[in-house]
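Notebook open, new model on the screen.

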Amino acid sequence: MPQDTFLAEVGKALEAERWVVDGQFPAAVAAYAHTADCVIWVDPPLYLAWPRLLRRTLRRWIRREELYGGTRETFWTVVGPRSILWYALKVRAEQRRANHDLFVRLSGSDVRLIRFRGGDVRDLVGRIAR
């Protein structure tokens with residue numbers, strides 16, 4: 001979908017009274033992050049995140065679980081150059097830098113900023129409730 005169309009669709013969705021957005025499409029973050037009342041950066045340490053991704057990816061491959069669009073993990077999508085495992089390592093620093101820059105940009109605004117580094121989502125829920 002062309003970026004202008006995508007951004008218009010996101011803008012329409014954000015006209016609702018309440019919404020939650022998940023993802024890091026840079027153009028959408030730049031255009032709409034300031035409209036949020038809270039931005040949560042889920043940033044678990046690599047020693048927590050990567051083994052979880054590995055287990056989930058291997059489980060999907062072994063069980064032949066269907067993914068988006070009817071695709072399934074294959075040996076090559078697990079260990080090959082386009083593997084989500086390698087991708088996660090490759091883009092980690094870039095994503096963390098982008099999230100840090102976003103928090104700096106929003107720090108003087110009314111947007112509540114929460115950076116969550118833990119591994120237990122119950123701890124995150126406790127922080128949001130405060």
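Predicted model: local features only at pLDDT ≥ 70, side-chain atom pairs only at ≥ 80, totals over all residues.

Entry 1, the fold. Going along the sequence, I wrote the order down as α-α-β-α-α-α-β-α. I also looked up the extent of the C-alpha trace, and along its principal axes it spans about 45 × 35 × 25 Å.

Entry 2, a helix pair. Two packed helices get described by the angle between their axes and the distance between the axes, so I looked up both. For α3 (residues 46-63) and α5 (residues 84-106), the packing angle is about 160° and the axes are 10 Å apart. That angle makes α3 roughly antiparallel to α5, since anything over 145 degrees counts as such. I put the crossing of these two helices down as right-handed.

Which residues make the contact? On the α3 side I listed Leu46, Trp50, Leu53, Leu54 and Thr57. On the α5 side I have Ile84, Leu85, Ala88, Leu89 and Arg92. Sorted by class, the α3 and α5 contact comes to eight nonpolar residues, one polar and one charged.

I picked the second largest pocket, which holds about 380 Å³ of space. I find 14 residues lining this pocket, and those closest to its centre are Tyr68, Glu73, Arg82, Ser83 and Ile84. Ile84 is one I had already written down, from the α5 side of the helix contact. Which element gives the most to the lining? That is α5, with four residues. By class, I have the pocket lining as six nonpolar, three polar and five charged residues.

Methods:
Residues numbered from 1 in each chain as written. Heavy atoms only, no water. Axes fitted to C-alpha atoms, helices over the stretch in contact; angles between N-to-C directions. Parallel < 35°, antiparallel > 145°, perpendicular 65-115°, else oblique. Left-handed = near helix turned anticlockwise from the far one by under 90°. Contact = heavy atoms within 4.5 Å. Nonpolar A, V, L, I, M, F, W, Y, C, P; charged D, E, K, R; others polar. 1 Å grid on protein atoms, 1.4 Å probe; cavity = no way out; pocket = protein on both sides within 12 Å on 5 of 7 lines; lining within 4 Å. Points joined across faces, edges and corners; volume = space filled by probe spheres on them.
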